[in-house]
Amino acid sequence: MNTLNRNNTFFILLTFGVFCLFLINISLGSITIPIKNLFQVLIGESSGKETWDYIILNYRLPKAVTAILVGIGLSISGLLMQTLFRNPLAGPYVLGLSSGSSLGVAFVILGASLLPNFISSIVLSSYGIVLASSLGSFLVLLSILIISHRLRDTMTLLIVGLMFGSFTSAIVGTLTYFSSAEQLQKFTFWSLGNLGNLSWNSILILFCCVLIGLLLSLFSIKPLNSLLLGENYAKSLGLNYKKSRLIILLATSILAGSITAFVGPIAFVGLAVPHIAKLVFQTSNHGILFWSTLIFGAMTMLICDTISQVPGGDFTLPINAVTSIFGAPIVIWLIVRRRKMV
């Protein structure tokens, strides 16, 4: 079997795997719903139990769709950052977007007590927190884009992003120091991530943001392949480096910023999934890596979300904890296995 046929077979199997994991994710939880009844609800019929219908349509289905969007967006943005900076440890939040979002949410949650009651109730609503997170992420993005226009060296931009992250984290730390236990608890819950709080309207907005980010990423596939050989070589091939870098930064910011705004910062996925895709497909061609990373990202988040639901249990684990505990050992094993094979 040649490489093309092998890759096509892989993609078909992985796509089928995403579909199976999607059904398993919706089926399992504190109440296990049989796949047969699940299909009935998904095609518009009744499962025979109103409780099951409500759980599927109003809780589990939106959460599963959110998990897929989050997995896709963070994984692709991680791939973009690792290639742009030529650094295997770069992730979607390396530019400080997550810290910017955290700063916006910290100002809202930890500083709401200083505002009048009616204003405080508005800013502490779910949409108020999303808006604050988006605004914080956007301000960091704007700063990065302005600085990137003046900097020629990409590695310097990476350092600037890390400094933005440190600066905003220091402000958040100061705010938490002077906050009450209740405010700290609410901020901690946000920082642990949550896939289950989105309405269908919010999911639609998130879908549009992820779609825009993916389209920009698709336009960047050829420049990304050129960048693998270094900036100077890419320029010698006729690549408009500043324009390509701007598009890559914009795509990453839209993907990571919108996801963080709606579900909070999600660890591990953006860093690890691109490595899993590279190790499985054994290629550096972004035409293949884009789609494989996209599929593996969706699968990873569905698996982590299913684990976080604790099938048969009455409680839910923080999604951020599950992604790190589940993912880190897998990546270590894959890297060690690859080194043994070399």
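How many of the 23 residues of α14 are buried?

## Helix α14 and its surroundings

In this predicted model, 19 of the 23 residues of α14 are buried, so the helix is largely enclosed by the rest of the structure. Helix α14 runs over residues 286-308, and the distance from its first C-alpha to its last is 31 Å, which is close to the 33 Å expected at 1.5 Å a residue.

Both ends of this helix have a local feature that can be located in the structure. At the start of α14, a side-chain oxygen of Asn285 comes to within 2.9 Å of the backbone nitrogen of Gly287, while just after the helix Val310 adopts a positive phi of about 50 degrees.

Side chains of opposite charge can pair when their charged atoms come close. A search of the whole structure finds 1 salt bridge, and the side chains of Lys63 and Asp305 meet in a salt bridge with an N to O distance of 3.0 Å. Lys63 belongs to helix α3 (residues 50-84) and Asp305 to helix α14, so the pair ties together parts that are 242 residues apart in sequence. Both Lys63 and Asp305 are buried.

## Ser137 in helix α6

Another residue to look at is Ser137, which lies in helix α6, a helix covering residues 126-150. Ser137 has a relative accessible area of 4%, and it is therefore counted as buried, the cut-off for that term being under 20%. When its neighbours within four places in sequence are set aside, Ser137 is in contact with Leu97, Gly100, Ser101 and Gly257.

Notes: Residues are numbered from 1 along each chain as its sequence is written. This is a predicted model: local features need pLDDT of at least 70, side-chain atom pairs count only at pLDDT 80 or more; totals for chains, interfaces and linings use all residues. Side-chain values use heavy atoms; hydrogens and water are left out. Helices (H or I, at least four residues) and strands (E, at least two) are DSSP runs, numbered from the N terminus. The expected span of a helix is 1.5 Å times one less than its number of residues. Buried means under 20% relative accessible area, exposed over 50%, partly exposed in between (1.4 Å probe, protein chains only). A polar contact is a pair of N or O atoms within 3.5 Å; within protein, one must be able to donate a hydrogen and the other to accept it, and residues adjacent in sequence count only if both atoms are side-chain atoms. Contact means heavy atoms within 4.5 Å. A salt bridge is a side-chain nitrogen of Lys or Arg within 4 Å of a carboxyl oxygen of Asp or Glu.
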